[in-house]
Amino acid sequence: MIVAERKPYEEIKEMLSGYKNILIVGCGTCVSVCMSGGEKEVGILASELRMSSKTDGKDWEIEEATIERQCDREYIEPLKDKVEKADVILSMGCGVGVQFISEVFPAKIVLPALNTEFYGATISEGVWAERCGGCGNCILHLTGGICPVARCSKSLFNGPCGGSNKGKCEINPEVDCAWQLIYDRLKALGQLDKLKEIIPPRNWSSSRDGGPRKIIREDLKL
Amino acid sequence: MNDYEPKIVAFCCEYCAYTAADTAGSARMEYPSTVRIIHLLSTGKVDTLHLLRAFEKGVDAAFVAG
């Protein structure tokens, strides 16, 4: 999922100064699961803002809505009536949601309530960690199912580097060395011979280096 | 401030804290009228939103008993 965290409350309050009718829009997908921008978090932020409005004399009118996904037009369009009444939309979706709501309602100002962080997994309750870099050319079949792009601090394709120490990364003793993990996993799978293959320098144009990315599936177009 | 009587909402578990409140009532013990009790099947049901809404509506304190 896309993992995000709510922005500091003071930053959100500052963004909203000068507006009156505020529509907070939550997203029912990734950010609900990582508990940063779902229906409950919308309720909490709305409640906090209503209290601030009273204590700081802000005169804010707060409206709430949480939709299934902020990255699909058909879920955003039904917000039309609420959007028309709002001066500003505060999206609790990821960066995709913020932008896509403003694409659907171009006349409206859409502000981000979250900081979008990474593609990750739930490690345990309240703990999420990065697992994928979305680089557009997956090599997990070569690395024991552990991604060196997302999990090696240097994104090395042939590791480990000299900074690997007792299974930990030199940047932080709490960070696992991805190449140690890859070695351990390949060893457990009896596939250590895969490490003898040198992975050649890759073409990063499938990643962000190639500019903004887009997929077109002709078979799915209407 | 001597006249200050805080408005308190008490979220009480039906099976323990509320039973205690009931027993206190049977014994003719009194508590301030500014305390409002909300029964819950369990205080495990108390959610951040319940507490925030209570403060939004003007309580001075929320009391979770269970």
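This is a predicted model: local features need pLDDT of at least 70, side-chain atom pairs count only at pLDDT 80 or more; totals for chains, interfaces and linings use all residues.
Figure 1. Seven residues of chain B touch eight residues of chain A. Together the two chains bury about 700 Å², and carbon and sulfur atoms account for 57% of that area. On the chain B side, B:L49, B:L52 and B:E56 contribute 68% of the area that chain B buries against chain A, more than any other three residues.

**Figure 2. Salt bridges and polar contacts across the interface of chain B and chain A.** Three salt bridges are found between chain B and chain A. In one salt bridge, the side chain of B:E56 meets that of A:R50, with an N to O distance of 2.7 Å. The side of chain B that touches chain A consists of three nonpolar residues, one polar residue and three charged residues. Between the two chains, four residue pairs are in polar contact, both members of each pair being at pLDDT 80 or more.

**Figure 3. Surroundings of A:K20 in chain A.** A:K20 lies in the loop that links α1 (9-16) to β2 (21-27) of chain A. The relative accessible area of A:K20 is 33%, and the residue is therefore classed as partly exposed. Beyond its neighbours within four places in sequence, A:K20 is in contact with A:D59, A:W60, A:E61 and A:D87. A:S53 stands 33 residues from A:K20 in sequence, and the C-alpha atoms of the two are 9.9 Å apart.

**Figure 4. The largest nonpolar core.** This core comprises 22 residues, of which A:L16, A:I22, A:I24, A:L45, A:L49 and A:L90 touch the most other members. Two or more residues each are given by β1 (2-6), α1, β2, α3 (39-56) and β4 (88-91) of chain A. The largest share, four residues, belongs to α3(A).

Conventions. Residues are numbered from 1 along each chain as its sequence is written. Chains are lettered from A and ligands numbered from 1 in the order in which they are written. Side-chain values use heavy atoms; hydrogens and water are left out. Contact means heavy atoms within 4.5 Å. Buried area is the accessible area (1.4 Å probe) that two parts lose on being put together, summed over both. A salt bridge is a side-chain nitrogen of Lys or Arg within 4 Å of a carboxyl oxygen of Asp or Glu. A polar contact is a pair of N or O atoms within 3.5 Å; within protein, one must be able to donate a hydrogen and the other to accept it, and residues adjacent in sequence count only if both atoms are side-chain atoms. Ala, Val, Leu, Ile, Met, Phe, Trp, Tyr, Cys and Pro count as nonpolar, Asp, Glu, Lys and Arg as charged, and the others, Gly among them, as polar. Buried means under 20% relative accessible area, exposed over 50%, partly exposed in between (1.4 Å probe, protein chains only). A nonpolar core is a set of buried Ala, Val, Leu, Ile, Met, Phe, Trp, Tyr and Cys residues joined through side-chain atoms within 4.5 Å.
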